[in-house]
Amino acid sequence: MRLALPPPASARLARLALSALLLAPAPPVLAAPDRAQAQPAAAAEAPLPVQEVAPGVFVYAAPYALAARDNAGAIANVGFVIGSEAVAVIDTGGSLAAGRRLLAAVRARTALPIRYVINTHVHPDHLLGNAAFVEEGAIVVGHRALPEALSARAAGYLQANAELVGPAFAGTRIVPPTLLVADTRELDLGGRRLRLDAWPTAHTNSDLTVRDLATDTWFLGDLLFVGHVPALDGRITGWIAVLGRLKAEPAARVVPGHGPASLPWPAAAGPIDRYLATLEAELRRMIREGRPIGEAGQAARGEAGNWSLFADFNARNATTAYQELEWE
């Protein structure tokens with residue numbers, strides 16, 4: 001587990017503000033601030049260092065970090081799949097600059113058209129790079145609940161991330177999905193099909209998984225965290241239930257939203273299973289004992305040594321889950 005020194009107070013406050021945005025929607029405004037719309041195009045970005053985890057399947061394994069000036073918001077795993085006719089990009093990073101670096105990685109490996117950009121859920125570190133692919137003519141794909149969830153948070157996401165990322169955030173804007181998945185849908189890349197599944201509220205209310213049927217590689221988005229502590233922005237009981245369904249379906253390998261580029265399945269689910277079960281059990285006990293929500297952050301403290309960024313997310317996870325469980 002990697003440990004980080006505490007950031008300066010101003011940066012810490014900005015990061016806490018962004019963490020809060022992951023758990024509570026901002027006012028329903030879609031337009032980005034002017035400073036994030038009218039910036040000139042940046043110079044070509046260096047390609048993200050991607051790994052080929054299966055034939056034609058490439059993944060960037062992001063560091064365990066919060067969005068900051070030194071990472072341009074490239075803090076979530078992203079990737080792409082190359083078919084015989086076209087490419088699908090799966091998540092795009094936390095800024096236009098991050099998206100351009102992913103685009104550069106695609107172009108370093110193929111000149112085929114990018115037909116689809118698939119967003120696995122609403123969080124900014126996974127979709128604020130969408131704008132890098134607009135000129136490619138890509139269709140943006142997401143869960144049926146994603147447009148509404150994104151609209152409710154757009155302005156807050158842009159403002160908070162602009163403060164965290166700084167100049168590298170220039171030109172970043174919201175590009176929502178236009179092709180929506182309500183249940184299951186397949187996309188064809190030319191001799192290569194992707195199966196997309198929309199899930200009930202779990203990590204968020206807009207979780208979508210992507211399975212490359214040719215190699216049986218399953219992109220789970222943030223339904224799977226490895227190393228980086230999970231971040232709850234949906235329902236803890238829903239997340240536990242969805243993980244149970246995912247584990248019942250074998251796969252050759254999975255790609256987590258945060259963690260290594262690929263992992264065996266379902267063994268990779270062990271740590272997140274334990275964390276969520278511990279958090280739920282300890283919160284239920286606290287509720288039975290009549291302890292107030294202000295003490296919820298003490299739940300699952302025994303897990304602290306197992307996860308990076310534990311202090312940044314655990315208390316908020318606990319508060320969100322407490323509010324769900326106390327009304328059962």
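Predicted model: local features only at pLDDT ≥ 70, side-chain atom pairs only at ≥ 80, totals over all residues.

User: How many helices and strands make up the secondary structure of the protein chain?

Analyst: There are seven helices and twelve strands. Helices are DSSP runs of H or I with at least four residues, strands are runs of E with at least two, and both are numbered from the N terminus.

User: Why is α6 called oblique to α7?

Analyst: Helix α6 (residues 270-288) packs against helix α7 (residues 310-325) at about 55 degrees, with the axes 10 Å apart. That angle makes the pair oblique, because under 35 degrees is roughly parallel, over 145 roughly antiparallel, 65 to 115 roughly perpendicular, and the rest oblique. The axes are lines fitted to C-alpha atoms, for helices over the stretch in contact, and the angles run from 0 to 180 degrees between N-to-C directions.

User: And which residues make the contact between α6 and α7?

Analyst: On the α6 side they are Tyr275, Leu279, Glu280, Leu283, Arg284 and Ile287, and on the α7 side Phe310, Asn314, Asn317, Ala318, Ala321, Tyr322 and Leu325. Contact here means heavy atoms within 4.5 Å. By class, the residues split into nine nonpolar, two polar and two charged. Ala, Val, Leu, Ile, Met, Phe, Trp, Tyr, Cys and Pro go down as nonpolar, Asp, Glu, Lys and Arg as charged, and the others, Gly among them, as polar.

User: What makes β1 and β7 the edges of their sheet?

Analyst: The sheet is open, with seven strands in the order β1-β2-β3-β4-β5-β6-β7 and mixed pairing. β1 and β7 (179-181) each have a single partner strand, so one side of each lacks a neighbour in the sheet. Neighbouring strands are turned by 25 degrees against each other on average, direction ignored.

User: How do you know that β1 and β2 are paired?

Analyst: Strands count as a pair if DSSP finds at least two bridges between them. Three bridges join β1 (residues 51-54) to β2 (residues 57-60), and the two run antiparallel. As an example, Glu52 has Phe58 as its bridge partner in β2. The two strands form a hairpin with two residues between them, and Gly56 in the turn has a positive phi of about 80 degrees.

User: How many bridges join β3 to β4?

Analyst: Four, between β3 (residues 78-82) and β4 (residues 87-90), again antiparallel. Ile82 sits opposite Val87 in β4. Helix α2 (residues 96-107) lies across β3, β4 and β5 (114-118), at about 30 degrees to β3.

User: Why is Asp91 called buried?

Analyst: Asp91 has 2% relative accessibility, so it's buried. This residue is in the loop between β4 and α2, and has a positive phi of about 65 degrees despite not being a glycine.

User: Then what makes Asp216 partly exposed?

Analyst: The relative accessible area of Asp216 is 25%, which puts it in the partly exposed class. Asp216, too, isn't a glycine but has a positive phi, about 55 degrees. Its place is the loop between β10 (208-212) and β11 (217-225).

User: Why does Ile139 count as partly exposed?

Analyst: Ile139 comes in at 35% relative accessibility, hence the label. This residue lies in strand β6 (residues 139-143). Leaving out residues up to four places away in sequence, Ile139 touches Arg115, Tyr116, Val117, Thr178 and Leu179.

User: What makes β8 and β12 edge strands?

Analyst: Their sheet is open too, with five strands in the order β8-β9-β10-β11-β12 and mixed pairing. β8 (184-188) and β12 have a single partner strand each, so one side of each is left without a neighbour. β11 and β12 pair in the parallel sense over five bridges, and Thr217 has Arg253 as its bridge partner in β12.

Definitions and conventions. Residues numbered from 1 in each chain as written. Heavy atoms only, no water. Buried < 20%, exposed > 50% of the residue type's maximum accessible area, 1.4 Å probe, protein only.
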